[in-house]
Amino acid sequence: MKKDTAILLLFIVLLGKAETRAQDELARQYEYACLLMQKGNYYDAVTEFKRLLFFDMRNKYKFVANSRLGECYKQGAKYADAVFYLNVALQNSPGNKERLIMKKEIIKVNILRRSFDNALQQIYELEKDTTSGFAEEADYWRGWTYIFEDDWEKAAECFSKKQDWQELKKICVETDKHKYSVTMAKLLSVFLPGSGQFYTGNYMSGIMSVGWNFLWGYISVNSLIENRVFDGLMTANFLLLRFYLGNVQNAEKFAENRNLEITNKALNYLQNNFNGEKP
Amino acid sequence: MKSYCFLLLLIAASIVHGQDTVQYNIFHSPSNIRLFADDLFCKHDYLRSVDEYENYLKMVNSDTVKIKIGYSYLYMEKSKEAGLKLKPEIDNPVLEHAALKGYCRSLFMDENYCELKNVNDKYGLTFPAVAKLNAFAGLMPDMELSKDKTDFMKNFGNDEYGSISGFYEKASNPRYASPLKAALLSAVIPGAGKIYAGQTSDGIISAAITGLFAFLAYDNFHASHKFRAWLFTGIGSFFYSSTVYGSAAQAVIHNAEVDYKFTIELKSFLAGVNYFMGKDPEFCK
């Protein structure tokens, strides 16, 4: 009887030992993948996390490895893959806290990949879910969505709702103030050719616009005065109108380019100098 | 005594089992690398599967793995790399002569039709798919197409006759436009070259504008309005020369369009009939 018990005990101990060693290997693999991720070697980190998932028969690492995969893909700007793995992690979240983290991560990736409607919808749904505790920061992420959507005024409005977000509000207000009005640039050029270019600081182009429009305008009017109506109409249609419309389009393009420079500068500042949470 | 023997056996078995388990969990062992690489391949993560197969080859020599690397490149549309990997294995019969089929496919993708012809001369009789692909290569633009239709069609069965015959007709009589003829036509009648090259509305507009400025120039010279006369002459000449040059350019664009449409049509047909290995090889099923 004693012998049998001893045999049984030994059997259980050896089996347990083998199982522990298997789990140790998985833990080691996980640590190795994390180390690669920390070093910024995202490509290899993805491979190692995938290897971990492949050999993790009991799905012990399913949540954590998939969430890390999502993070690696996000860092590598592979946003579609990032959303895919974050969704897998979300479906395998062990608790509410982890579920919230995954949902927030998906929102952040959607902001980065400029899927604004999705991001806003997900923020709204998470805000409505009272158990999530997300309501407090919903406007924060809404603000970030508007920043990436290039609507700095709306973003400032979102950030004005909490004292902690005043730094972001200030940046948004400043950026919005510095931006040029595309409509204003176009309207100026409609009423006085070249003035839209002057408004956006493109003086040489403005002078050229004034010159060409004046020249073709003069020739057209001159033809009409000399009773050469057809000549005047043709000059106006083929030359004056072409330069006039070009001048309006040019003013619009200059204003858009200037705005792009301003928003890029602001985004660059946010990326490198802003210490708070960001997408 | 019996119990002791059983105990010893149990210990030995447990040790072996333990070692097996450890080996199974050494994820970077050759067999595990291969398993993982196959999984990546089947999930279409070809870039990583290539890395894993290469790691495997550092430890174990395997023709099948070399072919799988070739196919990974092929599916990534890296035909040159695929060709390099598959060429040394073309005589290898593993995976139903996958190396030969894959190599031909890489040559076709790479538009290396001369090499494809050489391969066909050697293997075409044994592998009808190679002969078919080689015949298809003959249909591609800038390739010499067999003048004898019967000789060309012998590679294909009755079920394919209709569609292949259509491709043959299109390839033997492409609707090209001559750039020189287009330019000359527009030089005589502005816009006529554009109509000839398939741009009817553009041709009519060109004719109208050039005619209009010619008339304005003539009328202003006649009325002794020198400045406007020279202005309209300049603009008219600009439109005229643009129309002549534009007609020749349009003919070149038209020809490229004919080639492009035909190539796309032919390649989508080829993808549909799938003479060679599809996207999911046997070991993935």
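Author: Two residues are in contact if their C-beta atoms, placed from the backbone, lie within 7 Å. This is a predicted model: local features need pLDDT of at least 70, side-chain atom pairs count only at pLDDT 80 or more, and totals for chains, interfaces and linings use all residues. Residues are numbered from 1 along each chain as its sequence is written, with chains lettered from A and ligands numbered from 1 in the order in which they are written.

Reader: Which residues of H4(B) meet H5(B)?

Author: B:Lys66, B:Ile67, B:Ile69, B:Gly70, B:Tyr73 and B:Leu74 do. Their partners in H5(B) are B:Ser79, B:Glu81, B:Ala82, B:Lys85 and B:Leu86. Helices are DSSP runs (H or I, at least four residues), numbered from the N terminus.

Reader: Why are H4(B) and H5(B) called roughly antiparallel?

Author: Angles run from 0 to 180 degrees between N-to-C directions, and axes are lines fitted to C-alpha atoms, for helices over the stretch in contact. Over 145 degrees counts as roughly antiparallel. Helix H4 (residues 63–75) of chain B and helix H5 (residues 79–86) of chain B pack at about 165°, with axes 7 Å apart. The pair is therefore roughly antiparallel.

Reader: How many helices and strands does chain A have?

Author: Chain A has 13 helices and 0 strands.

Technical notes:
Helix = DSSP H or I, 4+ residues; strand = E, 2+ residues; numbered from the N terminus. Parallel < 35°, antiparallel > 145°, perpendicular 65-115°, else oblique.
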